[in-house]
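These are my notebook entries on one protein chain. I set down what I looked up, topic by topic.

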Amino acid sequence: MANPGSTQAARVMSNNRAATTQQSFAMNGGDGPHSYLNNSNLQREATDTCRTMIEEAIAQKLDVKCFSSNPLRLVDLGCSVGPNTFIAMQHIVEAVERKYLEQGLKSQMPEFQVFFNDLAANDFNTLFASLPTERRYFACGVPGSFHGRLFPESSIHFMFSSHALHWLSKVPEELLHKNSPAWNRGRIHYTSAPDAVSHAYAAQFDHDMEIFLNARAKELMVGGIIVIVMAALPDGIPASQIPSGVMFDLLGASLMDMAKAGLINEAQVDSFNLPVYAAPLEQMTDLVKRNGCFTIERMELVYRESKLVVPVSGKECGMHVRAGMEGIIAKHFGSGIIDELFDRFSNKSVEFSHQLESSQREGAQLFAALRRK
């Protein structure tokens, strides 16, 4: 009898070829003042909010008795540059070890192999230079996009991805044509844009997630689990009212101000769009069900009230966004505008701090624990 969803999973290789046109950019490398290494506290706070849920998924849903292979292989998809990935993976390894001990399987405790995955442009040198010396796993780097296959079939026991899947493989093509209803003139994102723009983003996310889920279905062992933590759009809340939406609108306004001042060409702004998307819970649920290869063990929105949901100052806001977006902005506009742009953005973050503060109440992330059928 065929494995449920096997027809979907069989399309992985063709989907993998389709993903070669992606337009993704890595986070800022190194350990300087604008690096992701030194400006990723928001992501760490968000992942920490879900730590108990991750541990519960392992304790309740990961059937270690069905795994006979050694070592036990774990993956962080979209690891970027530590320390967040090391903290998360250490917690996961410890949770799996507790699972073995609680089931009286101490004598069968496996060794652990952790694969750290991100784009080939990711700063793996800085990542592995900060690899913890006191760790209970063997570490490997896996360069490549998670919008396609990364590992041999049925080779992975547990996968994890935190705040990476909001990145699309590319900007929706409809946004690149002036005669398209989705031509996004004067804006850089679907926040505050016409419906045709947000529909194009949603369709691109559907396409990318189909590829992602098919690839993971091939790579995960039966009984294996993938845990996803990602940006989400709560029901009934406009994208322009969540923290990322407010920040992207302010960034777009800063670029338009520079265009009006003659520092950049307005046509450059019209042709620039951020390939990031916050999915509603219903959309993500439908995509997993349509794939057919996973059981949804848990999927819900997590509301995280914290001073770190959005930065507490304009400077921190600018540093946070710059660490993640500098590469893609510099590619389109040139690196010469970066300092000016983020100075203006930081000032706008102060000017519109009331919007940033109010958006905290709407900030949410999606937690999903999926088990391979």
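**Entry 1: ground rules**

I note that this is a predicted model, in which local features need pLDDT of at least 70 and side-chain atom pairs count only at pLDDT 80 or more, while totals for chains, interfaces and linings use all residues. Residues are numbered from 1 along each chain as its sequence is written, and side-chain values use heavy atoms, with hydrogens and water left out.

**Entry 2: aromatic pairs**

I looked up how many aromatic pairs the structure holds. There are 11 aromatic pairs. Rings of Phe, Tyr and Trp (its six-membered ring) pair if their centres lie within 6.5 Å; planes under 30 degrees apart count as stacked, over 60 as edge-to-face and the rest as tilted.

I then examined F146 and F212, whose ring centres are 5.7 Å apart with planes at 90°, so this pair is edge-to-face. The pair joins distant parts of the chain, 66 residues apart: F146 is in the loop between β3 (138–143) and β4 (156–162), and F212 is in helix α7 (residues 195–219). Helices (H or I, at least four residues) and strands (E, at least two) are DSSP runs, numbered from the N terminus. I found both F146 and F212 buried. Buried means under 20% relative accessible area, exposed over 50%, and partly exposed in between (1.4 Å probe, protein chains only).

I next took F205 and Y277, with ring centres 5.1 Å apart and planes at 40°, so the pair is tilted. F205 lies in helix α7 and Y277 in the loop between α9 (266–270) and β6 (279–280), so the pair ties together parts that are 72 residues apart in sequence. Both F205 and Y277 are buried.

I also recorded a cluster in which ring pairs link F86, F116, F124, F128 and Y137.

F124 counts as buried, at 14% relative accessibility. Leaving aside neighbours within four places in sequence, F124 is in contact with C79, F116, D118, L119, G141, V142 and P143. Contact means heavy atoms within 4.5 Å.

Q90 lies in helix α5 (residues 84–102). Q90 is buried, with a relative accessible area of 15%. With neighbours within four places in sequence left aside, Q90 is in contact with R135, R136 and Y137.

Two packed helices are described by the angle between their axes and the distance between the axes. Axes are lines fitted to C-alpha atoms, for helices over the stretch in contact, and angles run from 0 to 180 degrees between N-to-C directions.

Helix α8 (residues 243–260) packs with helix α11 (residues 314–333) at about 50°, the axes being 12 Å apart. I therefore list α8 and α11 as oblique to each other. Angles under 35 degrees count as roughly parallel, over 145 as roughly antiparallel, 65 to 115 as roughly perpendicular and the rest as oblique. Here M247, F248, L251 and L255 of α8 meet C317, H320, V321, M325, I329 and F333 of α11.

With helix α12 (residues 338–351), α8 packs at about 125°, and the axes are 9 Å apart. α8 and α12 are therefore oblique to each other. The residues of α8 in this contact include M247, L250 and L251, and those of α12 include E340, L341 and F342.

**Entry 3: A330**

A330 is found in helix α11. At 21% relative accessibility, A330 counts as partly exposed. Apart from neighbours within four places in sequence, A330 is in contact with S335 and I338.

**Entry 4: positive phi**

Most residues other than glycine have a negative phi, and most peptide bonds are trans. Which residue in the loop between β3 and β4 did I note here? It is S154, whose phi is near 50°, a positive value in a residue other than glycine. S154 is partly exposed, with a relative accessible area of 37%.

H163 is found in the loop between β4 and α7. H163 also has a positive phi, of about 50°, although it is not a glycine. At 17% relative accessibility, H163 counts as buried.
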